[in-house]
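Q: I have a structure to look at and would like to learn how to read it. Could we go through it together?

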Amino acid sequence: MSSNLTVFIVDDDPAVRDALGLLLGVRGYRTALFSCAEDFLLGWQREWAGCVLIDIRMSGMDGLSLQRRLLELGCLLPVIIVTGHGDVTLARQAFKAQASDFLEKPFDHDKLLAAIDEAFSREAATRGQLRRQQQGLDLLRTLTPREREVMQLVVTGRHNRDIAPVLGISVRTVEVHKARVMDKLGVDNVADLVRISMLATD
Amino acid sequence: MRPSLSRHLQYPAFVGLYLLFDWATYIDPMYGLNITPWNPDPALGLVFWLIHGRKAALPWFVALLSAEVLVRGMPAGLPLTLLCSAWLVLGYGIIGEALRRRFSSSNMFDNRRRLLTWAGIVMAGTLFNAVGYMSLLSLTGRIPAGEWATALLRFGVGDTVGMLVSMPLIWVLVSERGRERLRSAIWRWETLAYLALGGFVLWSVFGSILRCEYKHFYFLFLPVIWAASRQGLYGAVLAVFALQLCIITLVKWSHAVHIQFYELQLLDAMLALVGFFIGIVVDEVRQVSHELKHTMRLAAAGEMAAALAHELNQPLTALSTYGKACEYLLERGESGPLLQNAIGHMIVESGRAAEVVRRLRDFFRTGAMQLEVVEASALIAGIARQFTPQFHEHGIELVLAPPQPLAINADRLQLELVLRNLLANAQDAVLGQSRGRRRITLRAERLDGGRLRLSVEDSGPGISSSLAARLFEPFVSSKASGLGLGLVLSRSIVEAHGGQLWAEVGSHGIFRFILPLARATAASPGEPQ
């Protein structure tokens, strides 16, 4: 693993925590260990990337509460819930709170690693999407007000000659504005222009 | 009949013993015939028949014949004696076969039904036997005309009482298992006490029997009921036989043949039957309570196992994870401190798992408690944690009273089990309420006298007095999936800790239990252990 992705482990059993740290460390994962939910919440930072492995049964705040709290905080880390006695109720609660996976102790280690990898790729996908979104928003901000007006009319499917009278400018000027918009946003067709413009309306 | 006796010796031994019985109980005979008030010898013969089946017929015939010759000098003449003996063996054989068919694979004295069947077969068979025997004697003129009915009654009573009183004891004595069970049942001082009482009662009553026609016979029920109620059937068997032996001895010794000995024997037969019935009922009740204890132990172990599953899971998880890590380390060719460290951890973790297993095994074996100092607040916090997810799910508010430092000497797992039971019950109780009105309160308080009171209250409908009466009965459950053992188990755990558990009748559910505080806290509150 060459990325900066980290597996955050929250489990109140020191032996389990230590063993997981060792195993994942040997497999080349970066790990960070927390002995309780409160510690994790205290340390948590938005930039943290990777996934969280949370045991349900912990002293203090339990695993499912931590999961819900993280969701409220807008944490993007995928959550893998771990439990010694997986029953349907717990699993349902975990998945309703958007858990990435639900594993039973003792672990099937292949499943564990697969779950972590899947969580990583899920996280990467989310982050990639967010990044693209952010980039799109940044690009939109570079448009002048006139250019934005032209764009909004273009994406509704109007022709240049229909737009010109609406804005009270010549068809030729509309064409110039449209070309500049496409250029600034780095798109070469109307479909992509529509996609980026929708970021502004979200 | 003992296994140590070789097969060939068993038959002469039987004949010898039979003769001895016949000789010893040849009292008050009618017309010098084998019509006596107590014949334990056929009981011996029946047991022999039960063991050997039809092969017992010939030795029995030999025994009857030699008894006529040796004990009574063959008063009826050879042909008639041969005929009568043959008839008796036939009759006894029919009883023996009936019993064998009925009880070939089971004990005769296990339950009331079997006892009744046994007594019925013995009585009916004896009647049949007596009718034939007396008719033979009467037809050949050995019994005066008109005396047939009296002789029939006497012979019938003698045989019936002999079998009823003696057969259970002989039956118990012939088998190794029976001897062992008899020994374990009666081998105590109490046996001497009730035998002494029996002797005393007999001694003081016998004079009055001679004078007042059994007016005080009922006193003899005292020692028999004592024996039966304390030691079950085995005690009753012993007491009844001992009393009969004493009665016979007294009659023989005092030559009190003028009393209505047959009536005495009838009373004695009733005494025996009553004793056996009480004994069997006592045995049955004990058996049921023993089975219940066993079931409870199993149920408790099941709950313990559930509680331990989590504790076992943690070291197992750590173990397998360390193991997997070691595998990767070896693959990488690592053999340094990292590997050693991991292996050291594995050893520690397997010790932890073994400890959990040992506790479960201890519980199975003895129900033994593993006492440690437990903080009530830690106990409550721990159990509350286990319930948090499901309470959350059902919108149940769990109120915990502010913790105080209260320490008890207890088996943490067992007490967790009690609290889990009570909380699970409370949860079921409040689920009937609408959301927002589901509340469970868990509170620990100190009481005077160094006691801790734990209360679980719920906002459910509460417990009516009629339900409260049946609440702690085993196998009474209001839940479709319940075994009805949770509260019974909880109560027995709390009582084993020297406390009490009860439910309060009220408008909402209240369960409380009291436990003695650990001594240090009881003396100086607030001091850490």
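Q: In which sense do strand β4 (residues 79-83) of chain A and β5(A) pair, and over how many bridges?
A: Strands of a sheet pair through backbone hydrogen bonds, either parallel or antiparallel. Here β4(A) and β5(A) pair in the parallel sense, over four bridges. Across this pair, Ile80(A) stands opposite Asp101(A) of β5(A). Strands (E, at least two residues) and helices (H or I, at least four) are DSSP runs, numbered from the N terminus, and two strands pair if DSSP finds at least two bridges between them. This is a predicted model, in which local features need pLDDT of at least 70, side-chain atom pairs count only at pLDDT 80 or more, and totals for chains, interfaces and linings use all residues. Residues are numbered from 1 along each chain as its sequence is written, while chains are lettered from A and ligands numbered from 1 in the order in which they are written.

Q: What unit do β4(A), α4(A) and β5(A) make?
A: They make a right-handed β-α-β unit. A crossover is right-handed if, with the strands pointing away from the viewer, the path from the first strand over the helix to the second runs clockwise.

Q: Where is Gln98(A) found, and is this residue buried or exposed?
A: Gln98(A) is found in the loop between α4 and β5 of chain A. A residue is buried if 20 or more other C-beta atoms (placed from the backbone) lie within 10 Å of its own, exposed if 12 or fewer, and partly exposed in between. Gln98(A) has 12 such atoms within 10 Å and is exposed. Its phi is near 65°, a positive value in a residue other than glycine.

Q: Which residues of chain A does a cis peptide bond join?
A: That bond joins Lys105(A) and Pro106(A), with omega about -10°. Pro106(A) is found in the loop between β5 (101-104) and α5 (109-141) of chain A.

Q: How many residues of chain A are in contact with chain B?
A: Two residues are in contact if their C-beta atoms, placed from the backbone, lie within 7 Å. By that rule, 24 residues of chain A are in contact with 24 residues of chain B. On the chain A side, the elements giving two or more residues are α1 (14-26) and α4 (88-96). The largest share, eight residues, comes from α1(A).

Q: What is the strand order in the open sheet of chain B?
A: The order of its five strands is β2-β4-β5-β7-β6, with mixed pairing. Because β2 (397-400) and β6 (500-504) of chain B stand at the edges, each with a single partner strand, one side of each is left without a neighbour in the sheet. Within this sheet, β4 (residues 439-447) and β5 (residues 451-458) of chain B pair in the antiparallel sense over eight bridges. Leu447(B) has Arg451(B) as its bridge partner in β5(B).

Q: How many helices and strands are there in chain B, and what percentage of its residues count as buried?
A: Chain B has 16 helices and seven strands. Of its 529 residues, 38% count as buried.

Q: What is the mean pLDDT of chain B?
A: pLDDT is the predictor's confidence in each residue, from 0 to 100. Chain B has a mean of 82, and 88% of its residues reach 70 or more. Over residues 522-529 of chain B the pLDDT is below 50. For the complex, the predictor gives an ipTM of 0.74 and a pTM of 0.55.
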